[in-house]
Structure formats: structure tokens, C-alpha cells
Amino acid sequence: MRSALREFAGSARFAQSLTLIAIGLAFSTHAIRSMVGWPGLLAALATLIVLCGLSLVARWRAVEWYGILPLTILVFVGWAAASVIWSNAPVATLLRVGYLIAFGMLGLYVALMRDTIQIVRAFGDVFRVLLAVSLALEVLSGILLDLPIAFLGIQGDIASLGPIQGIFGSRNLLGFVALIALLTFIIEWRTRSVQRGRAIASIVLASIALVLAGSPVTWIALGASLVALAALYGLRRAPEHDRWRWQLALLVTGVVTLVTAWVLRVRIIELLDARGEFAVRLDVWREVSRYLAANPLQGWGWVGRWPDAAPYVWIERAIGRELGSALSAWIDAYFQVGVIGMLLFAALVGVALVRSWLLASNRRSVVYLWPALVLVAITVTSFAESFALQEGGWMLVVVCAVKAARDMSWRDALAAARAAE
């Protein structure tokens with residue numbers, strides 16, 4: 001009996017199922033909380049972590065444990081955990097750090113148990129279901145019933161072509177998921193890991209969700225992702241001995257583009273019809289800056305999604321709306337764990353992006369494009385949303401960072417250099 005259970009827990013099919021459930025749970029937290037509340041979500045999360053632990057134990061010998069976690073992840077999470085010492089709500093910080101670690105563990109499990117192409121397929125399968133369910137519920141609410149589905153936050157505006165929220169609770173999160181799904185479906189199509197008709201239908205599904213979400217933040221991230229895709233396509237076709245020159249030219253071009261975009265930011269906001277969203281964010285960031293002056297170095301303590309406690313409720317009352325975050329992952333990290341935490345988070349994302357970019361431009365397989373493009377989308381989105389620090393977004397960061405580190409580790413490079421001496 002014990003051997004049968006061990007064989008089942010160590011099977012590839014069990015790992016595949018847990019991967020799909022983990023991704024689905026991470027990106028369905030709003031819907032789960034809306035239906036069964038926080039106790040139901042936490043129970044599901046705890047059960048899933050236990051099952052993932054059993055799967056890891058059963059496949060212990062098959063896992064390459066050397067250097068499994070990038071130091072950037074360990075240091076950032078460690079600093080967030082240390083913030084319980086100076087937090088004005090230490091119990092909440094302790095619980096929220098555990099919540100952060102839990103989704104990080106799910107991301108680690110996915111990265112360890114599945115190859116990159118299998119991860120792409122898993123995210124693609126989950127996103128197809130989530131986007132299809134979102135559009136179906138929007139049609140039910142806005143066209144068939146003409147009534148909002150209040151407990152899910154669906155307003156039923158699809159008849160007027162949006163903006164829609166789906167099962168994600170906000171149009172920006174739906175747009176973010178649709179963007180990651182679109183990039184995933186493109187990689188599926190190029191790697192021929194799914195049938196051509198299914199890939200095209202999936203791309204159409206993600207495009208419809210992205211358009212109907214009507215998120216200006218997502219449009220900017222989409223533009224950056226498409227530019228990155230074009231740049232990587234050119235780099236992969238360039239001669240290997242000249243590739244570093246093109247990388248340097250792209251770096252300079254990117255810096256110039258960022259400076260130009262900053263100078264023309266008002267005009268860009270007007271073209272995207274995003275004055276309202278930008279004004280809200282500017283008000284939030286100004287209010288946050290008032291409280292940052294009190295704890296600039298270490299922040300107020302890690303909480304992830306904002307709780308109903310000081311100073312977060314004070315900021316919400318000053319703005320006149322419920323927020324849940326600082327509407328920027330970089331500013332949220334700064335606010336919660338100080339300038340040190342923000343720099344550590346920037347190092348985590350930056351190192352993962354550089355590694356994945358080099359892999360995508362030098363490795364032959366198209367599948368290596370996926371982590372690089374996803375991290376570009378996350379980096380740009382993080383300027384106006386805090387998804388990268390919460391639940392599915394954080395899990396996605398961990399998956400990409402771990403895969404990039406395992407394929408391009410400085411530890412392996414150092415060991416190879418020592419062996420060559």
C-alpha cells in the first residue's frame with residue numbers, strides 16, 4: 001500500500017495535475033475568495049502545498065537540488081520576513097510573509113517538476129479555461145441576464161464593449177492575465193506544442209479579452225512585449241560573433257526610448273485615454289510618499305495586499321477609494337520593506353530578466369523566449385500595478401527566475417572555470 005502511494009505521488013501525471021491546479025489556484029484567488037472566503041482559499045492553498053511536498057519527497061532523487069533557488073529570491077523573502085521586527089502590525093506581517101512564501105513554494109514546485117515547454121503548456125491550458133470562463137460569465141451577465149454578478153465583481157459591461165473584469169476582479173488584472181496568455185499562446189504556436197487551430201483560437205481568445213479589458217497599463221506592456229519579441233527575433237538571426245554589439249545597441253536604444261517616453265509621458269497618456277488612471281496613481285503615490293518619510297530605509301513591514309490597518313486605511317480614506325496596493329510593485333516594495341527591499345526586488349527581477357534575455361537570444365529553442373517576454377511584461381506592468389508581489393504574479397516571477405537561474409547559473413559558470421584551470 002505504501003509503495004503504491006509513493007509510486008502515485010512520484011508519478012509524472014500527478015506532478016502535471018498539481019502544476020495545473022497550482023497555476024489555476026494562483027490566478028483564481030479573487031473568484032475563490034468571493035465564493036468561499038479567505039478560510040476556503042487558505043485551506044485549498046495549504047492542502048495544495050502538502051500535496052506538492054509529498055510529490056517532491058516521492059521524486060527526491062530525480063530533482064537536481066543544487067542551486068535550486070536564486071540568491072535574489074532568498075534575500076528578498078528573507079528581508080520581507082525580517083520586517084516583522086519593525087512592523088507596526090507584526091502578526092499581520094508574519095501571516096502575510098507566510099502567504100508570500102506559500103505562493104513562492106508553488107512557483108518553485110512548478111519550476112522544479114516541469115521543463116520549460118511543459119510549463120508553457122500548463123500555463124496555456126489554465127489560461128484558456130480562465131479566459132473562456134471570464135468571457136462566458138461576462139456574456140451571461142451583460143447580454144443574457146443584463147444583471148451584474150455582484151459577488152464576483154462582474155459589472156456586465158460587455159454589451160458596450162467593456163471594460164470587463166471577468167473572474168479576476170479588475171480590468172487591469174484581466175488585461176495582465178490576457179497579455180501573459182497571449183505571449184504563452186504565441187510560444188505554443190511557434191513551438192508547435194498544440195495543434196495550429198487550437199493555437200490560433202487561443203490567440204483570438206486572449207486578444208478579445210485584452211481588448212475588452214480596456215486597460216491602458218496592459219496596452220503599454222503589450223507594446224513593450226512586442227518590441228522585445230521583435231528585438232529577440234533579430235538577435236537570434238544575427239551572427240553569434242556580432243551578437244554582443246547588437247545587444248549593446250539594443251541597450252542604448254532602450255535607455256533612449258525610456259527617456260523619450262518619460263519626456264512625452266503626458267502625450268502618451270492622452271493618446272491612451274488614461275488620464276483618469278494616471279491621476280489616481282499620482283494621488284496614491286503622493287499620499288504614500290508622506291508616510292515613506294517616516295520609514296524610508298526599512299518601510300512599514302511586509303503585508304502584500306493592503307490590510308484594513310494603519311497606515312494603509314489612512315491612505316485609502318485620503319484618496320477616497322479602496323486600493324489594496326500602491327498601484328505599483330516598485331512603490332509597494334518601497335513602502336512595505338523600504339528602499340532596501342525595493343532594491344532587492346529590483347535585483348530579483350533585473351537579474352532574472354537579464355538571464356532569461358541572454359538565454360532567449362542565444363539558445364536555439366523558441367521556448368526560451370517565454371520567460372524573457374513574460375518578465376518584460378511583468379517589469380513594465382509593475383510600474384502601474386502590484387501584481388508581481390501578489391499571488392499569481394509573484395508565483396510567475398518565481399517560476400521565471402528559477403528557470404533562468406538553473407539554465408544560466410553563476411555557480412555553474414564558476415565551477416566550470418575552476419575545472420578548466
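This is a predicted model: local features need pLDDT of at least 70, side-chain atom pairs count only at pLDDT 80 or more; totals for chains, interfaces and linings use all residues.
Of the 421 residues in the chain, 49% are buried.

**The fold at a glance**

Take the contacts between residues at least 6 apart in sequence, and 75% of them join residues at least 24 apart.

On the α9 side, the residues that make the contact include Val217, Ile220, Ala224, Leu229 and Arg236, while α15 contributes Leu369, Leu373, Val376 and Thr381, among them. Sorted by class, the contact of α9 with α15 holds 13 nonpolar, 2 polar and 1 charged residues.

**Aromatic rings**

Rings are worth a look too, as the whole structure contains 18 aromatic pairs. One of them is formed by Tyr291 and Trp314; it is tilted, with 6.0 Å from centre to centre and 35 degrees between the planes. Tyr291 belongs to helix α12 (residues 275-292) and Trp314 to helix α13 (residues 312-319), so this pair ties together parts that are 23 residues apart in sequence. Tyr291 counts as buried because its relative accessibility is 16%, under the 20% cut-off. Trp314, with a relative accessible area of 42%, is partly exposed.

Trp306 and Phe335 form another tilted pair, with 6.0 Å between the centres and 55 degrees between the planes. Here the link runs from the loop between α12 and α13, where Trp306 sits, to Phe335 in helix α14 (residues 329-362), and the two residues are 29 residues apart. Both Trp306 and Phe335 are buried. Elsewhere in the list of rings, Phe76, Trp302, Trp330, Phe345, Phe383 and Trp394 are linked into a cluster by ring pairs.

**Gln336 and its surroundings**

What is Gln336 in contact with, leaving aside its neighbours within four places in sequence? The residues are Gln298, Gly299, Trp300, Gly301, Trp302, Val303, Gly304, Trp306 and Tyr312. Gln336 is found in helix α14 and counts as buried, at 0% relative accessibility. Trp306, one of its contacts, is the residue that pairs with Phe335, and Trp302, another contact, belongs to the ring cluster.

**Individual residues to look up**

Two residues other than glycine have a positive phi: Arg192, at about 55 degrees, and Glu391, near 45 degrees. Arg192 is placed in the loop between α7 (171-191) and α8 (196-213), whereas Glu391 is found in helix α16 (residues 391-407). Arg245 lies in helix α10 (residues 243-263); Arg245 and Leu235 are 10 residues apart in sequence and 10.0 Å apart in space, C-alpha to C-alpha.

| Residue | Relative accessible area and class |
|---|---|
| Arg192 | 76%, exposed |
| Arg245 | 46%, partly exposed |
| Glu391 | 8%, buried |

Methods: Residues are numbered from 1 along each chain as its sequence is written. Side-chain values use heavy atoms; hydrogens and water are left out. Contact means heavy atoms within 4.5 Å. Helices (H or I, at least four residues) and strands (E, at least two) are DSSP runs, numbered from the N terminus. Ala, Val, Leu, Ile, Met, Phe, Trp, Tyr, Cys and Pro count as nonpolar, Asp, Glu, Lys and Arg as charged, and the others, Gly among them, as polar. Buried means under 20% relative accessible area, exposed over 50%, partly exposed in between (1.4 Å probe, protein chains only). Rings of Phe, Tyr and Trp (its six-membered ring) pair if their centres lie within 6.5 Å; planes under 30 degrees apart count as stacked, over 60 as edge-to-face and the rest as tilted.
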